[in-house]
Amino acid sequence: MDHIYNTLVLFMRKFVEKYYKGWYICEDPACTYRERAVSLKLEKGYLVCACKQGVMMREYTDSDLHLQFNYLLYVFDFVKQQEEHNSSGNAKVELDGDKAKLGFARLSNAVNQKLKQSSYSEIRLCELFSELMPKQFEFGRPTVPKTEYPGRNE
Ligand SMILES: [Zn+2]
C-alpha cells in the first residue's frame, strides 16, 4: 500500500511540476514553436508567436491540472469503483471490503490534499461580483451611507 501511495504522490508532483514549468506553445498546429520565456508584446491581449500565425497559449493550464486531480479522485473513489466493478460483470478482481476501502480512502485523501492546496475551485463571490456592486457597498460588511447632518458639528 505504501508503494502505491508514494507512486501516487510522485505522479501528482510530476503534474504540478509540469504546470509550474509554464511552457507556452503556439496555437497553430502546423507551428511547433514552444517556449518558456515569451515576449511581453501582446496583441489583443494574447502573446504573439514568432511565426506570426498564431498566439502562444499555456501548454498545461491550471484547468488541466485541476482536471487531472479530479480524475485521480474519481479513480480512487471506492464507492464508484465498486459500482463500476459490479456493473461490468468482471468478477476477476475481488475487492477485500474494509482493507480496500481503507486503502482507497488513504489514496483519495492524498489527492484531496493536493486539490485543497489549489484555489482553482474556489470562488470568491466578492471578487466575482465586485464590478457589479455599487461603490459604497463592501461585500460582507454593508456600509452605512454617509449622511451629513447640517448643523450637527457646529
Ligand atoms: Zn507559431
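How many C-beta neighbours does Gln81 have inside 10 Å, and how is Gln81 therefore classed?

Analyst: Two points on the source come first. The structure is a predicted model, in which local features need pLDDT of at least 70 and side-chain atom pairs count only at pLDDT 80 or more, while totals for chains, interfaces and linings use all residues. Residues are numbered from 1 along each chain as its sequence is written.

Gln81 has 15 C-beta neighbours inside 10 Å and therefore counts as partly exposed. The scale behind this class takes a residue as buried if 20 or more other C-beta atoms lie within 10 Å of its own, as exposed if 12 or fewer do, and as partly exposed in between, with C-beta atoms placed from the backbone. Gln81 belongs to helix α3, residues 78-88. Helices (H or I, at least four residues) and strands (E, at least two) are DSSP runs, numbered from the N terminus. Helix α3 also holds Val79, which counts as exposed because it has 9 C-beta neighbours inside 10 Å.

From C-alpha to C-alpha, Gln81 and Phe104 are 9.6 Å apart, with a separation of 23 residues in sequence. For Val79 and Phe104, which are 25 residues apart along the chain, the C-alpha atoms are separated by 9.4 Å.

The next element to consider is α4, residues 97-117. The buried residues of α4 are Leu107, Val111 and Lys114. They lie on the same side of α4, because they cover an arc of only 50° around the axis, the arc being that of the directions from the helix axis to the C-beta atoms. An α-helix has 3.6 residues a turn, so residues three or four places apart point the same way. The face of α4 turned away from the buried side carries the exposed residues Gly97, Asp98, Asn109, Gln113, Lys116 and Gln117. Among the elements that cover the buried residues of α4 are α1 (2-21) and α2.

Leu107 illustrates this packing. Apart from its neighbours within four places in sequence, Leu107 is in contact with Ile4, Tyr5, Leu8 and Phe76; a contact requires C-beta atoms, placed from the backbone, within 7 Å of each other. Leu107 and Phe76 are also members of the largest nonpolar core, together with Leu65, Phe69, Leu72 and Val111. Such a core is a set of buried Ala, Val, Leu, Ile, Met, Phe, Trp, Tyr and Cys residues joined through C-beta atoms within 7 Å. Helices α2 (62-75) and α4 are the elements that give two or more residues to this core, and α2 supplies the largest share, with 3 residues. In soluble globular proteins, nonpolar side chains tend to be buried together.

In the chain as a whole, buried residues make up 7% of the 154 residues. The chain has 5 helices and 5 strands, in the sequence pattern α-β-β-β-β-β-α-α-α-α. Among contacts between residues at least 6 apart in sequence, 56% join residues at least 24 apart.

The 5 strands form an open sheet in the order β2-β1-β5-β4-β3, with antiparallel pairing; two strands pair if DSSP finds at least two bridges between them. The edge strands, β2 (34-35) and β3 (42-43), each pair on one side only. Strand β1 (residues 24-26) is joined to β2 by 2 bridges, and Ile25 has Arg34 of β2 as its bridge partner. Between β1 and β5 (residues 55-58) there are 3 bridges, with Cys26 partnered by Met56. Strand β4 (residues 46-48) is joined to β5 by 2 bridges, and Leu47 stands opposite Met56.

Two loop residues of this region deserve mention for their backbone angles. Most residues other than glycine have a negative phi. Lys44, although not a glycine, has a positive phi of about 55°; Lys44 is in the loop between β3 and β4 and counts as exposed, with 6 C-beta neighbours inside 10 Å. Lys52 takes a positive phi near 65° in the hairpin of β4 and β5, which has 6 residues between the strands. Lys52 likewise counts as exposed, with 9 C-beta neighbours inside 10 Å.

Note on methods:
Two residues are in contact if their C-beta atoms, placed from the backbone, lie within 7 Å.
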